[in-house]
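Biologist: I've got this one open on my screen and a few things to ask. Could you walk me through it?

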Amino acid sequence: MPPTFVSVLILIGTLCTFFYIFRTTVFRQNHDKNGRKLPPGPCALPIIRNIHVLEKLPHQSLHHLAKRYGLKCKLQNTCLMVPRAWLLPSTAHLRSLVESVKKSAVAGEVVDLSGRVGELIGDIMSQIIFGLAKDHGFNLKPLIDQTIHLHRLFNISDFIPYLAPLDIQGIGRRLKRTSKLFDIVFEKIIDEHLHGTDLEGLKPHKDFVDMMISMLNQPMNPHDEEQPYIIERNNVKAILLDMTAASFDISAVVIVWAFSEILRHPSDDSSPTRVGGREFLPERFIGSNIDPRGHDFELTPFGSGRRGCPGMQLALITVRLVLAQLIHCFDWESPDGMQPNELDMSEIFGLSLPRANHLLAKPTYRLLE
Ligand code: HEM
């Protein structure tokens with residue numbers, strides 16, 4: 001039977017529809033309007049495009065996408081550069097912290113925020129600096145805590161230096177013992193990175209230690225003949241110690257203090273706190289152009305210039321990420337019906353001025369299941 005006019009029209013319409021779908025779903029997904037190739041990314045659906053790939057915890061979905069498609073990944077309706085922070089191994093540790101706090105919230109438990117955040121930062125820094133999590137044989141946190149504690153003690157030798165050889169309080173001996181323990185751990189880590197000996201079955205990925213090892217036996221400045229200084233194993237260990245001591249504690253201290261202030265000032269209309277007769281108004285920095293990275297001297301938490309903190313970018317990312325997650329996922333209140341202004345804010349002397357007592361708070365999970 002010859003095709004009728006109507007059936008020819010239906011056939012043409014169907015072909016046009018298929019062509020349109022092909023253009024939008026295949027060609028257009030991979031090319032921009034000028035025909036240039038776009039970064040890879042998941043297939044988009046009509047109308048909703050890529051919304052379906054962002055799940056309940058979008059940062060985790062983005063993390064998985066970045067692992068699959070690389071650092072530059074395209075989402076339809078949004079062309080997205082995945083920030084490096086989301087790719088840091090920090091995210092896995094942070095996820096497990098959120099999960100464990102969620103369990104405490106369900107059980108109605110009070111959470112030791114100082115303890116949990118301290119552990120988390122230790123895990124993140126171990127992973128970043130050594131490429132190893134602490135549960136793979138290197139728990140440096142107790143060693144760092146011990147070192148910080150010893151530096152915090154009143155040491156008479158600091159004030160009467162000629163008493164130092166006597167080491168009356170034994171602080172020097174204890175510090176030497178701790179430093180020996182650090183040395184043993186760093187030796188093992190360097191060997192592991194140099195020779196790839198299988199450390200509890202774990203192969204470390206490229207990390208800070210690898211970078212330091214690649215500089216071993218190299219002159220510090222090959223263009224400066226007057227400075228034939230060669231990087232040796234001891235230099236690597238000293239830098240590792242510097243990085244470890246500077247990173248394990250301070251970010252956690254900052255997060256816990258920020259959290260304490262949030263608990264003390266749950267709403268905007270709370271009465272301003274007075275410190276030393278002056279009003280403490282941290283919100284005065286909101287909307288201002290003050291740069292905390294050492295350019296404006298009103299606020300220099302990382303110091304400034306050549307000796308400024310080299311871990312600043314990492315610290316800014318970590319502190320924001322952890323605080324944001326804890327505040328986004330949970331509502332928090334002080335335990336035992338304590339009023340915000342009753343929260344103990346005493347601090348102890350030390351390298352990083354931590355809270356005198358651990359910060360305890362009661363979480364309620366606030367996201368939809
Ligand atoms: C919120 C967290 C942090 C704060 C507030 C902070 C702050 C500081 C400050 C004020 C200094 C002294 C700067 C100066 O003398 O001008 C410093 C030094 C240092 N920081 Fe940080 N820091 C933080 C996190 C980190 C992290 C995460 C790392 C490493 C991964 C790090 C590594 C270092 C090192 C190695 C030094 C010694 C630099 C030198 O003496 O040349 N810091 N930090």
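Modeller: Strands here are DSSP runs (E, at least two residues; helices are H or I, at least four), numbered from the N terminus, and two strands pair if DSSP finds at least two bridges between them. Bear in mind that this is a predicted model, where local features need pLDDT of at least 70, side-chain atom pairs count only at pLDDT 80 or more, and totals for chains, interfaces and linings use all residues. Residues are numbered from 1 along each chain as its sequence is written.

Biologist: Is Cys 309 buried, exposed or partly exposed?

Modeller: UniProt, in an unreviewed entry, puts a "binding site" feature at Cys 309; positions follow the numbering used here, feature names are shortened, and annotations may be inferred rather than shown by experiment. Cys 309 lies in the loop between strand E5 (278-280) and helix H11 (312-329). Buried takes 20 or more other C-beta atoms within 10 Å of a residue's own, exposed 12 or fewer, with partly exposed in between and C-beta atoms placed from the backbone. Cys 309 has 18 C-beta neighbours inside 10 Å, so it counts as partly exposed.

Biologist: Which helix gives the most to the shell around the ligand?

Modeller: The ligand is surrounded by 18 residues, with Cys 309 and Gly 303 among the closest; near means a C-beta atom, placed from the backbone, within 6 Å. Helix H9 (233-247), helix H10 (250-264) and H11 each supply at least two of the shell residues. The top contributor, with 4 residues, is H9.

Biologist: Which strand has the lowest mean pLDDT among the elements of the chain?

Modeller: pLDDT is the predictor's confidence in each residue, from 0 to 100, and the chain averages 79. Strand E3 (residues 111-112) has the highest mean among the elements, 96. Where pLDDT is low, the predicted coordinates should not be read in detail. The lowest mean, 39, belongs to strand E2 (residues 78-81).
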